[in-house]
Amino acid sequence: MDGSAGTTKRRFACTVDELDKGESMTVPGDVPIALYRNDEGEFYATADTCTHEDWSLGEDSDLESNEVVCPLHMARFDIRSGEALCFPATVALKTYEVEVEDGKVYVLA
Ligand code: FES
């Protein structure tokens with residue numbers, strides 16, 4: 001949102017119907033982003049790569065309410081804040097804003 005000098009771009013991720021509740025996907029780009037849809041149907045986005053080791057959370061993870069579980073070593077993160085909730089992850093995931101407009105989902109990165 002603020003960050004460095006106006007470099008934020010809106011990146012199309014998917015249509016609302018393409019991502020079911022409780023699912024995630026990876027939005028490709030210079031920096032891959034994990035997009036999640038929680039049980040309430042809300043969208044959140046974080047960096048795609050687990051901060052513990054190199055693992056794509058968008059491609060393969062378990063979403064439990066607003067927590068994403070990395071299946072490699074079971075670290076958990078809050079998808080709303082990026083906060084690392086348990087060992088072995090100690091570094092938060094970067095988070096990104098999500099916009100939904102006309103049935104399309106965008107991430108701001
Ligand atoms: S790579 Fe995600 S917990 Fe280890």
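Analyst: Let us begin with one term. A residue counts as buried when its relative accessible area is under 20%. Keep in mind that this is a predicted model.

User: Why is A34 called buried?

Analyst: The relative accessible area of A34 is 0%. The cut-off is under 20%. Therefore A34 is buried.

User: Where does A34 sit in the chain?

Analyst: A34 lies in strand β3, which covers residues 33-37.

User: What is A34 in contact with, beyond its neighbours within four places in sequence?

Analyst: Contact needs heavy atoms within 4.5 Å. A34 meets that with M25, Y44, A45, T46, A47, D48, L57 and G58. Take G58: along the chain, 24 residues separate it from A34, yet the C-alpha atoms of the two are 4.3 Å apart.

User: How much of the protein chain is buried?

Analyst: Of its 109 residues, 40% are buried.

User: What makes a group of residues a nonpolar core?

Analyst: The members are buried residues of nonpolar kinds, joined through side-chain atoms within 4.5 Å. The largest such core here has 14 residues. Y36, L57, V68, F77 and L93 have the most contacts inside it. Apart from this core lies another, of 13 residues, including L19, V27, I33 and Y96.

User: Which residues does L57 touch, leaving aside neighbours within four places?

Analyst: L57 is in contact with S24, A34, Y36, A47, D48, C50, C70, F77 and L93.

User: What secondary structure does the protein chain have?

Analyst: It has zero helices and nine strands. From the N terminus on, the order is β-β-β-β-β-β-β-β-β.

User: Why is the protein chain called as compact as a globular protein of its length?

Analyst: Its radius of gyration is 13 Å. The globule rule gives 13 Å for 109 residues. The two values are close, so the chain is as compact as a globular protein of that length. Along its principal axes, the C-alpha trace spans about 40 × 35 × 20 Å.

User: How do you know where empty space is left?

Analyst: A probe the size of a water molecule is rolled over the atoms. In a cavity, the probe fits but cannot get out. The count comes to one cavity of 30 Å³ or more. The largest cavity holds about 30 Å³ of space.

User: Which residues line the largest cavity, and of what class are they?

Analyst: The lining is C50, H52, E53, W55, C70, L72, H73, M74, A75 and P88. By class, seven are nonpolar, two polar and one charged.

How values were computed. Residues numbered from 1 in each chain as written. Predicted model: local features only at pLDDT ≥ 70, side-chain atom pairs only at ≥ 80, totals over all residues. Heavy atoms only, no water. 1 Å grid on protein atoms, 1.4 Å probe; cavity = no way out; pocket = protein on both sides within 12 Å on 5 of 7 lines; lining within 4 Å. Points joined across faces, edges and corners; volume = space filled by probe spheres on them. Nonpolar A, V, L, I, M, F, W, Y, C, P; charged D, E, K, R; others polar. Buried < 20%, exposed > 50% of the residue type's maximum accessible area, 1.4 Å probe, protein only. Helix = DSSP H or I, 4+ residues; strand = E, 2+ residues; numbered from the N terminus. Rg over C-alpha atoms; globule rule 2.2 N^0.38 Å.
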